Amino acid sequence: MKLIAAIDQGTTSTRCILFDQAGLPVAIAQKEHPQIYPQPGWVEHDPMEIWARTQGVVAEAMTSAKCNPGNIAAIGITNQRETTVIWEKKSGRPIHNAIVWQDTRTAGICAELAGQGGQDRYRARTGLPLATYFSGPKIKWLLDNLPGARKRAEKGELLFGNIDTWLIWNLTGAHVTDVTNASRTMLMNLATLDWEEGILRDMGIPHRMLPKIVSSSEVYGVTREGIPVAGDLGDQQAALFGQTCFAPGEAKNTYGTGCFMLMNTGGMPVESKNGLLTTVGYKIGGQKPVYALEGSIAITGALVQWLRDNLGLIKKASDVEALAQSVDDNGGIYFVPAFSGLYAPYWKDSARGAIVGMTRYVNKGHIARATLEATAYQTREVLDAMNKDSGVTLSSLKADGGMVGNELFMQFQADILNVPVIRPKVPETTSLGAAYAAGLAVGYWPDIESLRQNWSADKTWQPRMDDNRRESLFRGWQKAVTRTFDWVE
């Protein structure tokens, strides 16, 4: 039996999942990798370690499924977006650790660029505000700060890629990125789907170090074992694809390290007036691109990890639910996790995290509860912005990612949004989206209609909270958020 392999290279771990024709997982392997924090606000990964982990999980998944390379019809890749790697073309060695999407060291570069046209200087062309989140300023930082790097890049000795490009290059030798990942660099024009020369000049980035921009579903090359690598989607767009949100107005929310809501807006980019990002949703082969609005939240699942790793309040991430259930409510506190500044809809790099409303009454149960509620409140802010931008009032939300197994959280999410929240039968929708893109490219699945037929709901949470309580809690959250503004001078 032929299977599709999905490599899901995320912020904290790398996974390989093998899927069958029904879109069901046959084997899963996963390995975490260390987070490197050289100084406050800086976050790095070792790209060689990520490549080693990737090879490890692919081998492990294939052993688990008792299959060989001949059983794999294609490989799809999905990845943490914006995380920036520069490596030597000749040796394949990175010249520095990868700078992770959460890293804030480029705040000065962004402020300098914004000084000549404001934070939205490039938004009309790229769909993005100037923020530390995106790859372009990270490339500039590396070229500015590593001796000789810019000269070497100009000579064609260095290559740039987000993690998708890094993995595809190591797997096949092809130096490519798909439109979804390219749309997160702040260097691609959304209309032309090509690198924007004016922005490259502004940032001093040589064109020749950039990968070729391709579609999300086509054969990019083959591995040493002869397997086609044929799908490439940034993780959030992959989840949109895996949730089969193929019609305008359909939306999904992924709860991972951060939290990302995407709404399909069809064949035209919709410029946001309410702090969202305009991005490419996906592009299948030679078809026209499909665009999306995105609300990006930096810290959600990572906040639970912080309770575990930094405070030692819980032994494992899943313990947070029982601890939060030990109290009836949040005890009057709000936890705003602006560890990397605030993303949508505020875009304030200078914000920092805060727990507000503290009294002697508050205990660790309240902190655990406020941790879960923070994700739900941030999602509500993004949903409100999406409704305003799109003119479509969302009637339900498809949810996926690590936190969808937490019953207390999912109920609170439905309550604070006042819409039903739906978990699909296959919660691994990011990996599934990458598999679908690869499978479409090699004819494993005939068309997107066949993918729709694979989707089914596992559980739906209906809102149960009364309107007055919902709005009172949300007002408290909005007040708490303002307390984090402009902390870094």
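These legends describe close-up views of a predicted model.

**View 1**
The strands line up in the order 17-18-16-15-21-22-23. Their pairing is mixed. Strand 17 (277-282) and strand 23 (457-461) stand at the edges. Each has a single partner strand, so one side of each is left without a neighbour in the sheet. On average, neighbouring strands of this sheet are turned by 30° against each other, direction ignored.

**View 1. Strand 16 and its two faces.**
Strand 16 covers residues 259-266. It is mostly covered, with 8 of its 8 residues buried. In a regular strand, side chains alternate between the two faces of the sheet. Here C259, M261, M263 and T265 point one way. F260, L262, N264 and G266 point the other way. The residues of both sets are all buried.

**View 2. The partners of strand 16.**
A hairpin of 3 residues links strand 15 to strand 16.

**View 3. Strand 21 beside strand 22.**
Strand 21 spans residues 397-401, and strand 22 spans residues 421-424. The two run parallel and are joined by 2 bridges. K398 has I422 of strand 22 as its bridge partner.

A399 lies in strand 21. Is this residue, A399, buried or exposed? A399 counts as buried, because its relative accessibility is 0%, and the cut-off for buried is under 20%. Leaving aside residues up to four places away in sequence, A399 touches Q243, N253, Y255, V404, M410, V421, I422, R423 and P424. A399 and T460 are 61 residues apart in sequence. In space, their C-alpha atoms are 9.8 Å apart.

**View 4. Helix 10 against helix 12.**
Two packed helices are described by the angle and the distance between their axes. The axes of helix 10 (residues 301-309) and helix 12 (residues 364-390) come within 8 Å. They cross at roughly 160°. That angle makes helix 10 roughly antiparallel to helix 12. The crossing is right-handed. Helix 10 brings L303, V304 and L307 to the contact. Helix 12 brings I367, A368, T371, L372 and A374. Of the residues in this contact, 7 are nonpolar, 1 is polar and none is charged.

The peptide bond from A344 to P345 is cis. Its omega is near -5°. P345 sits in the loop between strand 19 (334-336) and strand 20 (354-356).

E82 has phi near 70°, a positive value in a residue other than glycine. E82 is in the loop between strand 5 (72-79) and strand 6 (84-88). With a relative accessible area of 2%, E82 is buried. N418 has phi near 60°, again a positive value in a residue other than glycine. N418 is in the loop between helix 13 (407-417) and strand 22. How does N418 count, buried or partly exposed? At 40% relative accessibility, N418 counts as partly exposed.

Methods:
Residues numbered from 1 in each chain as written. Predicted model: local features only at pLDDT ≥ 70, side-chain atom pairs only at ≥ 80, totals over all residues. Heavy atoms only, no water. Pairing = 2+ DSSP bridges. Helix = DSSP H or I, 4+ residues; strand = E, 2+ residues; numbered from the N terminus. Axes fitted to C-alpha atoms, helices over the stretch in contact; angles between N-to-C directions. Buried < 20%, exposed > 50% of the residue type's maximum accessible area, 1.4 Å probe, protein only. Parallel < 35°, antiparallel > 145°, perpendicular 65-115°, else oblique. Left-handed = near helix turned anticlockwise from the far one by under 90°. Contact = heavy atoms within 4.5 Å. Nonpolar A, V, L, I, M, F, W, Y, C, P; charged D, E, K, R; others polar.
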